[in-house]
Structure formats: structure tokens, C-alpha cells
Amino acid sequence: MTINRVTAVYFSATGTTEKVVTAAAALIAEQLGAEYAEYDFTLPQAREAVPEFSAGELVVFGVPVYAGRIPNLLLPYVKTIQGNGAAGIPVVLFGNRAYDDALIELRDVMQDNGFHTVAAAAFVGEHSFSTVLGAGRPDAEDMEQVREFAELSAQKLDMLARFGAPVEVNGAKDRVYYQPKRTDGKKIDIRKVKPQTADTCDHCGLCAQLCPMGAIDPRDVTSTPGICIKCGACIKKCPKRAKYFDDEGYLYHKRDLEEKFSARRAQVELFF
């Protein structure tokens, strides 16, 4: 089977998933002499349509890891994207803690949707909650591993000896969302937590434009009537640093993650 077109498909609120997935897909396309394309479904308007794929195409499909899974509010849309016999490579980005079941979940969704997965990878990006966890990642070392992954994926696509065989990613497990807890074992629930707005806000409206869920009111950016997934886009991309979280449970969880995981460098994992 010849691959004629390689498409990077991704959700990337703060840019880390985009950086990895587009680089990998572009390198694979170059290696195979195929056409290259992108489909970014980060913003709500992009999810009003569904891209179409078919045999002879390869999709490098990337999502961030939230609580060890595919972001649950994105899952219904992800499940609408059909492969129709296209080759697929699932890729997840995690924030220096762990990717838990996210990669195998994405692999399974793609297989169920008619993609033939031929490789998979878990890369590290700066955590959406923090500038300490996975700070600056994906960095130069990570991007070198992206290059290696792309070259090996292209080689496997050239061989196609095992095309269509599912990629074994640490084995199937019972899929549960990562549950933050206090030291006394009590669970922390941040699902309804929403960002606050400081007086430094000049009401430019950028946060509302960049919110992947369309949760921020563009007429009054201090108001967040929609569902917030804590992706960090409004906080990390605000030129005035005016957005922040003040919920005690959220801040406890953030401190706990930074204390436990910031001292180590989480490793990229590649699967073929």
C-alpha cells in the first residue's frame, strides 16, 4: 500500500501537541514522498466539520493527556473521525507525570474508527497547570526523538509486513481517570473550577478567541459561562498574565504535582 498523503490531526491548546504531531507528520511525508496536510481541531469552530480519510492516507493523530485519558469532552468528536482504511499513528502528550491509559485509548478509538495503526508514541510537553512540570518541553532532545520516530515509522510503512496489526501499548487496562487526592486520602474535584481575571486584564478578548471550549464570554472576558477543561490556554497565552486559578483544591493539586514530578525528566515512549 502506497501512502500518498500524510495529515497531522491534533488538539493543542498550548501548542505542545501541535509541535510534535506536525513535525512527525511532515517528516514522515518527506520520507515517503507524500503530500502533507494539517487539521487542527483545537477551537470549537473547527469541530463543526469532520475531516475525511481513506486508504492510501496516513493520519498522525495527536491529543494531550488529561487525568491519564483523552480529554473526555473531546472524546465524542474524536470518535466521529473515520479512517475508512487509512493508516494511523496515535500520539499523546503528557505533562511529566504519566500518560496512563490515554495512548491505548486513542489507539483503540482509531482502530474502531477504521484506521490501521502502525506505530504509536507518548511524548512529554509542559503541563497545562504549570510552567515547572515538563518546563520547556518538547525541547531539542524531544524533537530529535520525534525525528527518530518519524524515520522508523516511515520505514515500517515501507515494509507493511505487519500492516493492520494493532500496536500493543503496555497492554489493556481498566481505564480510569487520574484522581488527585490530599495527603489524608480525600479526593480533589476540580471539574467545575474556572479561571479568574486580574485587574491587569485590558479586555483584548484573546482568551475568548483561544479557548478550545468557547467557554469564555467574548463580550465580558471576566465571565466563563461554559465548561473549562483546565487546558491552560487562557493563562499561558494571555499577554497581560491576567488569567489565573484561585481554587484551593486546584492549587493544592498543582503544588502536589510539582513537588512529586518536577525533579525528574519523564521519558518519551515509542511503539512499533
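The model is predicted: local features require pLDDT of at least 70 and side-chain atom pairs count only at pLDDT 80 or more, while totals for chains, interfaces and linings use all residues. Residues are numbered from 1 along each chain as its sequence is written, and side-chain values use heavy atoms, with hydrogens and water left out. Helices (H or I, at least four residues) and strands (E, at least two) are DSSP runs, numbered from the N terminus.

- Strand β6, residues 120-124, is mostly covered, since five of its five residues are buried (buried means under 20% relative accessible area, exposed over 50%, partly exposed in between, with a 1.4 Å probe and protein chains only).
- The cover extends to both faces of β6: Ala120, Ala122 and Val124 are buried on one side, and Ala121 and Phe123 on the other.
- Strand β4 (residues 87-94) runs parallel to β6 and is joined to it by four bridges; two strands pair if DSSP finds at least two bridges between them.
- Strand β9 (residues 269-271) pairs with β6 in the antiparallel sense, over three bridges.
- Alanine 121 of β6 is the bridge partner of valine 91, and alanine 121 also stands opposite leucine 270 in β9.

**Largest pocket**

- The largest pocket holds about 900 Å³ of space. Pockets are found on a 1 Å grid over the protein atoms alone: a cavity is a set of points where a 1.4 Å probe fits but cannot get out, whereas a pocket is an open set with protein on both sides within 12 Å along at least five of seven lines, and lining residues have an atom within 4 Å of a point. Grid points are joined across faces, edges and corners, and a volume is the space filled by probe spheres set on the points.
- Its lining comprises 39 residues, of which Tyr66, Ala67, Phe129, Ile190 and Ile229 lie nearest the centre of the largest pocket.
- The elements that give two or more residues to this lining are α1 (16-32), β4 and α7 (248-261).
- By class, the lining of the largest pocket has 21 nonpolar, 13 polar and five charged residues (Ala, Val, Leu, Ile, Met, Phe, Trp, Tyr, Cys and Pro count as nonpolar, Asp, Glu, Lys and Arg as charged, and the others, Gly among them, as polar).

**Second largest pocket**

- About 200 Å³ of space lies in the second largest pocket.
- Residues that line the second largest pocket include Ser128, Phe129, Ser130, Thr131, Arg241, Tyr250, Leu251 and Lys254.
- Both α6 (233-236) and α7 supply at least two residues of this lining, and α7 gives the most, with three residues.
- Six nonpolar, three polar and three charged residues make up the lining of the second largest pocket.

**Helix α7**

- The 14 residues of α7 should span 20 Å at 1.5 Å a residue, and its end C-alpha atoms are 20 Å apart, which agrees; the expected span of a helix is 1.5 Å times one less than its number of residues.
- Buried residues of α7 include Gly249, Tyr250, Tyr252, His253 and Asp256.
- Aspartate 247 caps the N-terminal end of α7, with a side-chain oxygen 3.0 Å from the backbone nitrogen of glycine 249. A polar contact is a pair of N or O atoms within 3.5 Å; within protein, one must be able to donate a hydrogen and the other to accept it, and residues adjacent in sequence count only if both atoms are side-chain atoms.

**Loop between β6 and α4**

- Serine 130 lies in the loop between β6 and α4 (140-159) and is buried, because its relative accessible area is 1%.
- A polar atom of the serine 130 side chain lies 2.8 Å from the backbone nitrogen of valine 132, and a polar side-chain atom of serine 130 lies 3.1 Å from the backbone nitrogen of leucine 133.
- Proline 138 is also placed in the loop between β6 and α4, and the peptide bond from arginine 137 to proline 138 is cis, with omega near 10°.

**Residues with positive phi**

- Asparagine 96, in the loop between β4 and α3 (102-112), has a phi near 80°, a positive value in a residue other than glycine. Asparagine 96 counts as buried because its relative accessibility is 1%.
- Arginine 241, in the loop between α6 and β8 (243-244), has a positive phi of about 50° although it is not a glycine. With a relative accessible area of 59%, arginine 241 is exposed.
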